[in-house]
Amino acid sequence: MAAPTKKNTSVACVIPGGFTVLSLKFCSNSTAQHQLCVKEHRVRAESSAHRPQDRTLFVLNIPPYCSQSVVKDMFSQFGPIQHVELSEKPGAVEDKQPDLSPYFTPAQKRCFKVAYVVFKHSSGVAAAKAHPYDSPLIVSTTEKPVQTGLKKWIHEYKQTFIKPELLQKAVDDFMSQYDKRKEEEEERQKKEVEEQQEDEDGWVKVTKGGKSMKSRPHSEAANQRVLQKEHNKKKRKELLNFYTWQHRDSKREHIAELRRKFEEDKQRIALLRAQRKFRPY
């Protein structure tokens, strides 16, 4: 990005798109400058309390050597900062990953990033947008130096060595938490089995959780009882319908009984008709 003309360097440099250009130097005696583009974060589709639109500053073109703490120190001159978020590309707030051990976290990608600087007051965003271009931000100061080059590589290499006692402590803490979760899971399953047990009268206790509680799946013992009942019911049905001659004989007997009742009804009707005949003498 080309630097603005000298006659406009005493005021804020605003470019199309609503971005304000801020100059950046690695140290106070550096001759080379880097440009940052800042803008008030206003996205209608994104409504999150983590990035309030009236107190969040969107920053583009963050150099790879600027960490989260460095960005916070640079922009703290505009006002107190609540938190800083660095990301590889702009977008919505990503769901936080579960807390992992610092010894097993993946390495971060080294590239130019974007930042979301959340100030405690909205005046911080206005001060950053009104900052003049000819007053560059300083990355490395005497009070808080930033390592680069060979010193940085040596420091990062030394950080890769893990002390055995610290690693052992992290493993022990993880295993203790894992054992605690397993005990709680076993206790929960045991209570479910007890609740599904039938009492002396054959009743099963049914409990109902709150509205926010999700329905729990059936226990293994309850599933086995249901399957056994279905199996017994199917077995009894198969025994009743097993012999074909039983169906044939039962149908023959039923037809014979209907014919016998029909003949008896015919005789009774004939007798009634004979008794009703007119006999004058």
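Predicted model: local features only at pLDDT ≥ 70, side-chain atom pairs only at ≥ 80, totals over all residues.
Figure 1. Arg 268 counts as partly exposed, at 47% relative accessibility. Asp 265 is likewise partly exposed, its value being 36%.

**Figure 2. The annotated segment of residues 248-275.** The unreviewed UniProt entry carries the annotation "coiled-coil region" for residues 248-275. In the model this span is 100% helix and 0% strand.

**Figure 3. The chain as a whole.** Six helices and seven strands make up the secondary structure of the chain. Their order along the sequence is β-β-β-β-α-β-β-α-β-α-α-α-α. The chain has 281 residues, of which 21% count as buried. When contacts between residues at least 6 apart in sequence are considered, 68% of them join residues at least 24 apart.

**Figure 4. The largest nonpolar core.** This core comprises 23 residues, and the members that touch the most others are Leu 57, Val 59, Val 71, Phe 75 and Val 117. Two or more residues come from each of β2, β3, β4, α1, β5 (81-87), β6 (113-119) and α2 (123-129). The greatest contribution is that of α1, which supplies four residues. A second, separate core has five residues, among them Cys 37, Phe 58, Val 114 and Tyr 116.

**Figure 5. The surroundings of Val 117.** Val 117 is one of the residues that touch the most other members of the largest nonpolar core. Which residues is Val 117 in contact with, leaving aside its neighbours within four places in sequence? They are Arg 55, Thr 56, Leu 57, Val 59, Val 71, Phe 75, Ile 81, His 83 and Val 84.

Figure 6. Arg 51 forms a salt bridge with Glu 85, and the closest N and O atoms are 2.7 Å apart. Arg 51 lies in the loop between β3 and β4, whereas Glu 85 lies in strand β5, so the pair ties together parts of the chain that are 34 residues apart in sequence. Both Arg 51 and Glu 85 are buried. Arg 51 also lies over the face of Tyr 116, at 3.6 Å from the ring centre. Tyr 116 is itself a member of the second, separate core.

**Figure 7. Further salt bridges.** Side chains of opposite charge can pair when their charged atoms come close. A search of the whole structure finds nine salt bridges. In one of these, the side chains of Asp 73 and Lys 144 meet at 3.2 Å, N to O. Asp 73 is in helix α1 and Lys 144 is in the loop between β7 (137-138) and α3 (149-159), so that this pair, 71 residues apart, links distant parts of the chain. Asp 73 is partly exposed, with a relative accessible area of 37%. Lys 144 is also partly exposed, with a relative accessible area of 47%. Elsewhere, Glu 40, Arg 42 and Lys 129 are linked in a network of salt bridges.

**Figure 8. Aromatic pairs.** A pair of aromatic rings is described by the distance of the centres and the angle of the planes. The model contains four aromatic pairs. Phe 26 and Tyr 65 form an edge-to-face pair, at 5.4 Å centre to centre and with 85 degrees between the planes. Phe 26 lies in the loop between β2 (19-25) and β3 (34-40), while Tyr 65 lies in the loop between β4 (56-62) and α1 (68-75); the two are 39 residues apart. Phe 26 is partly exposed, with a relative accessible area of 23%, and Tyr 65 is partly exposed as well, at 28%. Tyr 157 and Phe 161 form another edge-to-face pair, at 5.0 Å centre to centre and with 90 degrees between the planes. Are the members of this pair, Tyr 157 and Phe 161, buried or exposed? Tyr 157 and Phe 161 are both exposed.

**Figure 9. A lysine over a phenylalanine ring.** The charged end of Lys 39 sits over the ring of Phe 19. The distance to the ring centre is 5.1 Å.

Definitions and conventions
Residues numbered from 1 in each chain as written. Heavy atoms only, no water. Phe/Tyr/Trp six-rings, centres within 6.5 Å; stacked < 30°, edge-to-face > 60°. Buried < 20%, exposed > 50% of the residue type's maximum accessible area, 1.4 Å probe, protein only. Lys NZ or Arg CZ within 6 Å of the ring centre and 35° of its normal. Core = buried A, V, L, I, M, F, W, Y, C linked by side-chain atoms within 4.5 Å. Contact = heavy atoms within 4.5 Å. Salt bridge = Lys/Arg side-chain N within 4 Å of Asp/Glu carboxyl O. UniProt positions renumbered as here; feature names shortened; annotations may be inferred.
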